Amino acid sequence: MRTPLLASALLLAGLATASAQTDGAKPDSGSAATPVPGAPATMADNLRPTFVAQTPDDMVASKLIGSSVVNGANETIGQIADFVLDQKGAVKAWIIGVGGFLGIGSKYVAVDPSVLKLDRTDGKTLQARIDTTKDQLRAAPEYVYLGKEPPKGATPASPAGEPAPKP
């Protein structure tokens, strides 16, 4: 019974002391840190964002990723798994998943954006076309994401223009 009563008394004493300290403290009239009244944030006209509405010709990433990639013989040879943007926002490479089953065991290959043509098959569905075969994609160097390790036993892909390391 004494403990809750003592705790309440100490709490009240602490509140009274804190109240007395704040009541007696008056800010210096010459202090550099005087409060400034709040005002709503505004932006200059040159900083305002420009909003854009989607048009029927636009292609959105959510519809591109997972799209089938077909060759000249209309055979499905892979799927768009990802794409890489440069610092200006332009597509630097299309990442195509080839092989595997339902995404398991797929190999990722980066192709230059100039070799992949995007079009609409029925006015709505996006399709990617490339002039190559599934075997050529399988033989291409694997695209390895930065920070990811290549699978055990696989030789790391060498940068373009450099010969592959000898075993």
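## The loop between β1 and β2

Asn 74 is found in the loop between β1 (68-70) and β2 (76-85), where strands are DSSP runs (E, at least two residues) numbered from the N terminus. Although Asn 74 is not a glycine, it has a positive phi of about 65°. The structure is a predicted model, in which local features need pLDDT of at least 70 and side-chain atom pairs count only at pLDDT 80 or more, while totals for chains, interfaces and linings use all residues. Residues are numbered from 1 along each chain as its sequence is written, and side-chain values use heavy atoms, with hydrogens and water left out.

## Strands β3 and β4

Strand β3 (residues 91-98) runs antiparallel to β4 and is joined to it by five bridges; two strands pair if DSSP finds at least two bridges between them. Val 98 has Lys 107 in β4 as its bridge partner.

## Aromatic pairs

Rings of Phe, Tyr and Trp (its six-membered ring) pair if their centres lie within 6.5 Å, and planes under 30 degrees apart count as stacked, over 60 as edge-to-face and the rest as tilted. By this rule there are three aromatic pairs. Phe 83 and Trp 94 form a tilted pair, 5.5 Å centre to centre with 55° between the planes, which links Phe 83 in strand β2 to Trp 94 in strand β3, eleven residues apart. Trp 94 counts as buried because its relative accessibility is 6%.

Tyr 143 and Tyr 145 form an edge-to-face pair, 5.1 Å centre to centre with 85° between the planes, and ring pairs link Tyr 108, Tyr 143 and Tyr 145 into a cluster.

Technical notes:
Helices (H or I, at least four residues) and strands (E, at least two) are DSSP runs, numbered from the N terminus. Buried means under 20% relative accessible area, exposed over 50%, partly exposed in between (1.4 Å probe, protein chains only).
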